[in-house]
Amino acid sequence: MYKMSNNPTSNFQDVPWKHRFFSSMIGFAVNFSRRSDGTINRYIMNLFDFKAPPSQQLFDGVKTSDTVVDATRNLYFRLFLPSLNQDDDVPVIVYFHGGGFAYLSASSIPCDDFCRRLCKKTGAVIISVNYRLAPEHKYPSQYDDGFDVLKFIDDKANTKNLPFNVNLKQCFIAGDSAGGNLAHHMAVKACEYGLRNVKLIGLIAIQPFFGGEERTESETRIVDAPIISVKGTDWLWKAFLPEGSDRNHPACNVFGPKSVHDISRLKFPATMVVVGGFDPMHDWQIRYYEGLKKCGKEACLIEYPHAFHTFYGVPELKETCLLMEAVKGFIERLINLNKEGCS
């Protein structure tokens with residue numbers, strides 16, 4: 001585990017200019033697209049949210065395709081297939097993109113690029129879910145969409161596009177930012193529902209989007225962080241949560257005073273929680289890790305003291321390389337343990 005230093009500095013200074021420019025452009029679009037009535041001007045946002053089409057041709061060692069689950073909701077997933085010719089079983093990662101529940105999609109270039117790199121690094125098949133966005137579709141729309149995709153791939157009749165050697169018993173659920181929040185709640189739903197063919201053996205929460213009414217130390221201290229601010233997260237929670245709800249809603253504060261799920265009784269998957277020292281949500285992510293441990297669940301904490309929110313979108317950063325290695329190691333370890341348990 002990486003620990004906080006006494007006086008860390010953000011690694012945003014190491015970000016190449018092209019990524020800085022892109023981040024500034026997206027930040028401008030996000031701020032300019034927000035209306036005073038709490039809605040989003042999608043026309044403006046879409047001008048800056050560049051999309052990557054699926055590619056059946058190998059691109060950087062990976063092929064992609066889209067599978068529609070429900071056209072009426074624009075619910076689909078992007079499938080990432082590694083080019084490695086593997087004889088062994090291939091694991092699956094069901095991935096949920098970030099964006100505060102209100103922005104981006106599975107086809108947005110940053111999301112497509114990250115999943116492509118993750119697929120190449122781990123050798124896993126990745127199912128990247130495109131879910132509905134707030135505020136047009138508030139809670140629980142995103143959770144409903146995510147779990148409908150899990151049920152879709154749990155039905156063997158819907159897996160014809162998957163490689164013959166894919167192993168749904170070696171399934172991981174993962175996500176970044178709001179996608180990390182989704183990954184947690186999907187794991188809870190899967191434990192309670194009882195999937196037939198999909199077995200979740202691991203959860204990867206990369207800087208998960210959690211919060212609460214209380215202001216934490218990191219929220220008050222980190223006021224000039226790149227990408228995200230407390231004012232911005234407050235706006236996103238209001239856009240996502242049901243009318244009249246506060247940030248202690250169980251979707252936001254999962255181990256808070258209004259929590260409705262006791263995961264101590266569930267067969268919850270082993271979890272990796274990734275946090276960054278320059279993320280205003282740092283303390284909420286630490287509390288999430290501590291909450292898992294208090295419930296008796298296996299959890300590991302990976303902390304990068306100099307990392308800002310969404311650092312993993314910059315492949316040139318050393319922390320991104322370390323994260324990819326950590327995720328690969330986490331997956332391999334759990335697969336080996338799962339094989340030993342079945343032997």
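## Sheet

Strand 1 and strand 2 (residues 75-82) pair in the antiparallel sense over 8 bridges; two strands count as paired if DSSP finds at least two bridges between them. Within this pairing, S65 has L79 in strand 2 as its bridge partner. The model is predicted: local features need pLDDT of at least 70, side-chain atom pairs count only at pLDDT 80 or more, and totals for chains, interfaces and linings use all residues. Residues are numbered from 1 along each chain as its sequence is written, and side-chain values use heavy atoms, with hydrogens and water left out.

The open sheet is formed by 8 strands in the order 1-2-4-3-5-6-7-8, with mixed pairing. Strand 1 (62-70) and strand 8 (299-308) each have a single partner strand and stand at the edges, so one side of each is left without a neighbour in the sheet. From one strand to the next, the twist averages 20°. Helices (H or I, at least four residues) and strands (E, at least two) are DSSP runs, numbered from the N terminus.

## Helices on the sheet

Helix 4 packs on the sheet and touches strand 1, strand 2, strand 3 (90-96), strand 4 (125-130) and strand 5 (166-176). Contact means heavy atoms within 4.5 Å. The direction of helix 4 makes about 55° with that of strand 2. Helix 8 lies across strand 6 (200-206), strand 7 and strand 8, and runs at about 155° to strand 7. Axes are lines fitted to C-alpha atoms, for helices over the stretch in contact, and angles run from 0 to 180 degrees between N-to-C directions.

## Aromatic pairs

A search of the whole structure finds 20 aromatic pairs. Rings of Phe, Tyr and Trp (its six-membered ring) pair if their centres lie within 6.5 Å; planes under 30 degrees apart count as stacked, over 60 as edge-to-face and the rest as tilted. Y143 and F240 form an edge-to-face pair, 6.0 Å centre to centre with 65° between the planes. Y143 lies in helix 4 (residues 141-154) and F240 in helix 7 (residues 230-240), so the pair ties together parts that are 97 residues apart in sequence. Both Y143 and F240 are buried (under 20% relative accessible area; exposed is over 50%, partly exposed in between; 1.4 Å probe, protein chains only).

F255 and Y288 form a stacked pair, 6.0 Å centre to centre with 25° between the planes. At 30% relative accessibility F255 counts as partly exposed, whereas Y288, at 1%, counts as buried.
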